[in-house]
Amino acid sequence: MIATEKFTFTGKHGHILDGRLELPLNVKAKAAAVFAHCFTCTKQSHAATRIASALAAKGIAVLRFDFTGLGGSDGDFANAGFATNVEDLTAAAEALDARGLPPLLLIGHSLGGAAVLAAAEHVPQARGVVTLNAPFDAEHVFEHFGDAIAEIEEAGEGEVTLAGRKFRIARGFLEQGRDQPQAKRIANLGKALLVMHCPQDEVVGIENARLIFEAAKHPKSFLSLDNADHLLTEVGAAENAANLIAAWAAPYLADLPAEPREPFGGTVEVSTAGGKFAQWVRTASHEFIADEPVSYGGSDHGPTPYDLLLSALGTCTSMTIQMYAERKKWPLDSVRIELEHSRDHAEDCLDCDKDGSPIQVIDRAIELSGDLTEEQRARLMEIADKCPVHKTILGDLHIHSTLVE
């Protein structure tokens, strides 16, 4: 379960770059990563969103952002070439570090993979670099410009069509991508490297993965993204890549201190967990998320407060019935209970700062399975009303609140 935050920062040339930070709910992230999207993609690309979400769910915070001139970021894309992307990645890493989340992983998809290889030397905190369907040479992208390159060189600017979309490309864009010392950078990476590539990739051929891998020194690994396409849009491909990244990175993050879990005196502890309504519920031995449904503005990461109330009554009722039947040695096989709170939740929430009327009714339908007599069933229904939670709800209940300084 994750929370997504808007995350903006300033690039080297003063442009505001727009990003999204994926965070594990409530639990402090054990590591942080910067994700670089593919050429002409954005932070909202299929691979970026799904890999970031999947890694956040595993405890790794991920910043995905738009390079200069793309998506929600300021600047001129026509002149913002490979060198600018590298500068953007360095700025992103610095902003993440300033947030208190040192960027320990750099992850890049397609041309973004070439960019993270180039940016790694400027991110001393990084322990690992991951490339996904990345080209060995930054000039690889020029292959998609066709005859437009000559026009750009002569006129200083030209139009290219990529994936059905038209983009303005300036001569400066070409100059930034040329003569990039990628082989030297990879050889001197000084960080663990994971090369991931789809053997069937028709946009960036698998030979690029071989060249990257051969240029690198150990520790280095290669993982094949079988049955995937270049953009990782096949069902489950991006999530599978994220799972592989998390497993590969684990040894390089093993020394990170675990989030301290202080003991507490109460039976239940509730604390905000990120998002609009999500709450982290912790007992002495269990943890889970409570939330509101999307229809009420929540993210539906867990049961609602009323779900939990009904669950408490239902579980206690079932346990009480089972205990009584067992003591009596009655042939009760199983208990099934359906509960419904009849009051409209939205109206109740609007009245939460008023005296308001009490909860009107809870409907509890009890199904008893087993070779029971009518008398035994009737008695078990009487016992249902004697469960401790039932008595607590209907009893003279006082709630004492104390402000903790």
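Predicted model: local features only at pLDDT ≥ 70, side-chain atom pairs only at ≥ 80, totals over all residues.
I take buried to mean under 20% relative accessible area, exposed over 50% and partly exposed in between, with a 1.4 Å probe and protein chains only. Residues are numbered from 1 along each chain as its sequence is written, and side-chain values use heavy atoms, with hydrogens and water left out.

**Entry: Met196**

I looked up Met196 and found that its relative accessibility is 0%, which means that Met196 counts as buried. Met196 belongs to strand β9, residues 192–197, where strands (E, at least two residues) and helices (H or I, at least four) are DSSP runs numbered from the N terminus. Setting aside neighbours within four places in sequence, I listed its contacts (heavy atoms within 4.5 Å), among them Val130, Leu132, Leu223, Leu225 and Ile245.

I then turned to strands β1 (residues 2–10) and β2 (residues 16–24), which pair in the antiparallel sense over nine bridges, pairing being called when DSSP finds at least two bridges between two strands. I noted Leu23 in β2 as the bridge partner of Ala3, and between the strands lie five residues, with Gly14 of this hairpin at a positive phi near 90 degrees.

**Entry: cysteines**

Which cysteines does a disulfide join? With the criterion of two cysteine sulfur atoms within 2.5 Å, a search of the whole structure gave one disulfide, and it joins Cys38 to Cys41 with an S to S distance of 1.8 Å. The link of Cys38 and Cys41 is left-handed, at -75 degrees about the S-S bond, and both Cys38 and Cys41 are buried. Cys316 is in no disulfide, the nearest cysteine sulfur being that of Cys387 at 3.5 Å. I checked burial here too: Cys316 is buried at a relative accessible area of 12%, and Cys387 is buried at 0%.

**Entry: the largest cavity**

I searched for cavities, each a set of points on a 1 Å grid over the protein atoms alone where a 1.4 Å probe fits but cannot get out, with lining residues having an atom within 4 Å of a point. The largest cavity has a volume of about 60 Å³, a volume being the space filled by probe spheres set on points joined across faces, edges and corners. Its lining includes His37, Cys38, Phe39, Phe67 and Phe173.

Methods
1 Å grid on protein atoms, 1.4 Å probe; cavity = no way out; pocket = protein on both sides within 12 Å on 5 of 7 lines; lining within 4 Å.
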